[in-house]
Amino acid sequence: MSWAALPGIRNRYFNILYFASAGSYTSKNVEALPAPLPLKKLFATLEERYKGIRASVLDHSLVTINLTYVDMPDDEGGDGEAEDVVIQEGDEVAIIPPVSSG
Amino acid sequence: MIVPGMGKEGQLRLINSRVLIIGAGGLGCPAAQYVAGAGVGTIGIVDGDVVETSNLHRQVGHATSRIGMKKVDSLITHLRGLNPLPTYIPHPFHLTPQNAADIISQYDLVMDCTDNPATRYLISDICVLLCKPLVSAASVQKSGQLIVLNCPPTPQGALDGKHAPCYRCCFRKPPPPSSMVSCGEAGIMGPVVGMMGVAQAGEAIKILASALHIPPDDSASPPPERNLHQPTLLIYTYDLDSAVGPYSFRALKMGGRKKNCFACGENSTLTLEGIKAGNPNYEQFCSVPTARCTLPPEGRITAAAYHAARERGELTEHILIDTRDSEHFSFGSIEGAVNVPFGKLLMKAAAIKRDGTPASEVLPPGLGEADAPIFVVCRRGLDSQETVEKLKELGLDHGGERRIMDIAGGMKAWKEEVDPSFPYI
């Protein structure tokens, strides 16, 4: 799937972008998932769809909503605010694993 | 180089600056060209490798005539041709916890152009402790990342107000080794890594010309007015799947320094002495145990033994599964091999578990149900072992009656043991 096929904003969905190894794991660059979704349920939702993705990709990735970094609720660095974040219809979420090669 | 915002003052700051480029590869080569061209006064380069043919498509500071030369010397030769005026300092060895602080302390700004997570964490930690800004880029396959860290630099543990993040604030944990591959292994598009290296040079020049690298508390030379932006992670994605698909740049707003960051946060116990003495252990931190299995000997066969058995006619009825990606498979394979890329196989296996599709569908039609033994080969012999385990888990071994074997060492071993002309790329 290419960026050209990026789905438009669908009712009751948000777009999730998979970068680097997240893209290889899911074989997708982007897909639409049902919204609203509490941020703290995001990883469990993805794990259900892509078994093993949590340990292989998500646990060390950073997450953005609408191009802005968010602390994942289970992060030690989280200050509690993330607990209440809900991904809304039309949001763009991105999963960004570190890339280390060069 | 006269543009709005860059006049004599900025140029003088560049001449008086000392930049350290760590890694003389796909990022370091393009980055160094523009740093040298901009007239930075002193340029240090760290790398312990020598130039190889397979580097040249992306490592534009080297040349066919310099294959076998230390990369540091090769790149400096190239840079002198571009601009003989800067002082070039070669550090022809790898950065280690033992030598890192001594080298980095001699410079004003560090550019991380390395290719492995252990060194990335080491560089970031030292930059925090020595108050050096860090311009970090990385690239693999078709995507790249760029972020300016620790800039303007502030002392470890300072948390009043907004401070720039370090690498650990952004990426707390390294990925498991099984998912990490070097550029040589995973493949890399030359222009993608080149773009990231050039962008990296742009950020370094900007920081130095506007004196952002001078810590705010340095009263000896008051820094000019700062126009600070929120820390930004630039992501570049290049799409090969579609002829009309656009490239994509995304600028992601990052958070500031994290209160509980292991390196720069409050109560951090990280010290230069500790790092030198092996604490933290970067190698260990970056090679956490993986779920990757090692099959017992009876589940494996060497490439040579497999070939010999075929030659003797003992393996007329068998299925050979090649789990490499189709791009690798397209360059050549063992006669009769069926290509089932590992990623697709894992997805199918997960789907089978989830919704009860017949287990045989993990393989192309007809192969799953058959009784003929299955041999699995991959690139280097890891994915194939996991595949053997998966096929058994799905019951394709018919309760142990059907042999499912791994060809140890993959196509790499096949080239070494059986067919030296095989195009292992």
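## Basis of the description

Helix axes are lines fitted to C-alpha atoms over the stretch in contact, and angles run from 0 to 180 degrees between N-to-C directions. Helices (H or I, at least four residues) and strands (E, at least two) are DSSP runs, numbered from the N terminus.

This is a predicted model, in which local features need pLDDT of at least 70 and side-chain atom pairs count only at pLDDT 80 or more, while totals for chains, interfaces and linings use all residues. Residues are numbered from 1 along each chain as its sequence is written, and chains are lettered from A and ligands numbered from 1 in the order in which they are written.

## Helix pair α2 and α8 of chain B

Helix α2 (residues 28-37) of chain B and helix α8 (residues 190-209) of chain B have axes that come within 7 Å and cross at roughly 35°.

Contact here requires C-beta atoms, placed from the backbone, to lie within 7 Å. On the α2(B) side the contact is made by G28(B), C29(B), P30(B), A31(B), Y34(B) and V35(B), and α8(B) contributes G194(B), G197(B), V198(B), Q200(B), A201(B), A204(B) and I205(B). By class these residues are nine nonpolar, four polar and no charged; Ala, Val, Leu, Ile, Met, Phe, Trp, Tyr, Cys and Pro count as nonpolar, Asp, Glu, Lys and Arg as charged, and the others, Gly among them, as polar.

## Overall organisation of chain B

Chain B has 15 helices and 13 strands, and its C-alpha atoms fill a box of roughly 80 × 50 × 50 Å along the principal axes. Of its 425 residues, 43% are buried, meaning that 20 or more other C-beta atoms lie within 10 Å of the residue's own; 12 or fewer make a residue exposed, and values in between make it partly exposed. Among contacts with a separation of 6 or more, 68% join residues 24 or more positions apart.

The domain assignment, which is automatic or taken from a database, gives domain 1 (8-285) and domain 2 (297-417) of chain B.

## Helices α14 and α15 of chain B

Helix α14 (residues 383-393) of chain B is largely enclosed by the rest of the structure, because eight of its 11 residues are buried. Among them are D383(B), E386(B), V388(B) and L391(B). The buried residues of α14(B) pack against β10 (319-322), α13 (342-355), β12 (374-377), β13 (404-408) and α15 of chain B. After α14(B) comes G395(B), with a positive phi near 85°.

A413(B) belongs to helix α15 (residues 410-417) of chain B. A413(B) counts as partly exposed because it has 19 C-beta neighbours inside 10 Å. Beyond its neighbours within four places in sequence, A413(B) is in contact with T302(B), A303(B), G381(B) and A408(B). A304(B) is 109 residues from A413(B) in sequence, yet their C-alpha atoms are 8.3 Å apart.

## Strand pairing in chain A

Strands pair if DSSP finds at least two bridges between them. In chain A, strand β1 (residues 13-18) and strand β2 (residues 30-34) are antiparallel over five bridges, with V30(A) as the bridge partner of L17(A). Strand β7 (residues 92-96) of chain A runs parallel to β1(A), joined by four bridges; there N15(A) stands opposite E92(A).

Note on methods:
Contact = placed C-beta atoms within 7 Å.
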